[in-house]
Amino acid sequence: MELRPDLSGRTALVTGSAKRVGRELLLSIADCGADVVVHYNESEAAATATAEEVRERGGTAVTAQADITDPDAVDKLFDTVEAEVGSVDILVNNVGDFDARHWSDIEWESWRNVVETTFYGTVLCSRRALPAMRDQGWGRIVNLGFADSDRMHAHPVNFPYFVAKTGVLMFTRMLAADTSDDGITVNAVSPFAVSNTEAGVEDFPRGRPAGFEDVAAPLRFFLSDAAAYVSGENVAVDGGRLPEFDA
């Protein structure tokens, strides 16, 4: 039986939810009854379309723009959300750029962009969301990792992304401990390759990439009351991949 927690009365913010994986995760949360915030930085038209789809399904959605690497912009983002739909009960940190080149070929500006969007954005949004969650004694934070990051994956191609995602998983564990008495859980969902991946993947586990539903299923579990005692955990959505077997 598919788990669909009742999130009625909750407000969920999914960063980078105008398109791709973030969009599908947001729609899945909206289908569970939560009011949702479609966050974007530059993709305004896509964000508007995603919010409209939520409304067509009978849900409540607003859009909000912010560069989540900018602390002031993050504050303004949450101020806007709190004024329009209330405090954020559920935060899904999905944003994360990558650069699939050899580390020595990546310009420093791109290095910074990958680390700042993937890691710093996660930290800034979580820090801003926590006070309201602590005040009400309930909150769910789910971070998007990468399937091999808990193994200290260190391939020379796309290296800044792996470093940033490893930081995300370390942050997840730390924050879970730091919120253990606050009614808040902090967990991670870590795909390997999803069906719309832009990165080159030669051999998919089980002969296919992960579908959006494969990623959404553990997310919904972490948001449910059934997972109220589960925090600091990471679910790799990788089809059972063993990277040490890769030639």
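Analyst: Strands here are DSSP runs of E with at least two residues, and they are numbered from the N terminus. In those terms, Asp238 is found in the segment after β7 (234-237). The model is a predicted one.

User: Is Asp238 buried or exposed, and what is its relative accessible area?

Analyst: Buried means under 20% relative accessible area. Asp238 falls under that cut-off and is buried, its relative accessible area being 9%.

User: Which residues does Asp238 touch, not counting residues up to four places away in sequence?

Analyst: Asp238 follows β7 in the chain. With residues up to four places away in sequence left out, Asp238 touches Ala147, Arg151, Phe192 and Pro205.

User: Why is strand β5 described as largely enclosed by the rest of the structure?

Analyst: In a regular strand the side chains alternate between the two faces of the sheet. For β5, one side carries Gly139, Ile141 and Asn143 and the other Arg140, Val142 and Leu144, and all of these are buried. Strand β5 (residues 139-144) is therefore largely enclosed, the buried count being six of the six residues.

User: Which residue of β5 does Leu91 stand opposite?

Analyst: Strand β4 (residues 90-93) runs parallel to β5, and four bridges join them. The chain gets from β4 to β5 through helix α4 (residues 108-136), in a right-handed β-α-β crossover. In β5, the residue opposite Leu91 is Ile141.

User: Which residue of β6 does Val142 stand opposite?

Analyst: Six bridges pair β5 with strand β6 (residues 184-191) in the parallel sense. Together with helix α5 (residues 159-178), β5 and β6 make a right-handed β-α-β unit. The residue of β6 opposite Val142 is Asn187.

User: Which side chain of opposite charge is nearest to Arg140, and how far away is it?

Analyst: Arg140 lies in strand β5. A salt bridge needs a side-chain nitrogen of Lys or Arg within 4 Å of a carboxyl oxygen of Asp or Glu. Arg140 is buried and has no salt bridge; the nearest side chain of opposite charge is that of Asp225, at 4.4 Å.

User: Which backbone oxygen lies 3.3 Å from a polar atom of the side chain of Arg140?

Analyst: Neighbours within four places in sequence aside, the contacts of Arg140 include Asp89, Leu91, Thr185, Ser224 and Asp225. Phe222 is also one of the residues in contact with Arg140. The backbone oxygen at 3.3 Å from a polar atom of the Arg140 side chain belongs to Phe222.

User: Which residue of β2 does Ala12 stand opposite?

Analyst: Strand β1 (residues 11-14) is joined to β2 by four bridges, and they run parallel. The residue of β2 opposite Ala12 is Val36.

User: What separates the C-alpha atoms of Ala100 and Tyr161?

Analyst: Ala100 sits in the loop between β4 and α4, and is partly exposed at 44% relative accessible area. Tyr161 is 61 residues from Ala100 along the chain, and their C-alpha atoms are separated by 8.5 Å.

Key. Residues are numbered from 1 along each chain as its sequence is written. This is a predicted model: local features need pLDDT of at least 70, side-chain atom pairs count only at pLDDT 80 or more; totals for chains, interfaces and linings use all residues. Side-chain values use heavy atoms; hydrogens and water are left out. Buried means under 20% relative accessible area, exposed over 50%, partly exposed in between (1.4 Å probe, protein chains only). Two strands pair if DSSP finds at least two bridges between them. A crossover is right-handed if, with the strands pointing away from the viewer, the path from the first strand over the helix to the second runs clockwise. Lys and Arg count as positive and Asp and Glu as negative; His and the chain ends are not counted. A polar contact is a pair of N or O atoms within 3.5 Å; within protein, one must be able to donate a hydrogen and the other to accept it, and residues adjacent in sequence count only if both atoms are side-chain atoms. Contact means heavy atoms within 4.5 Å.
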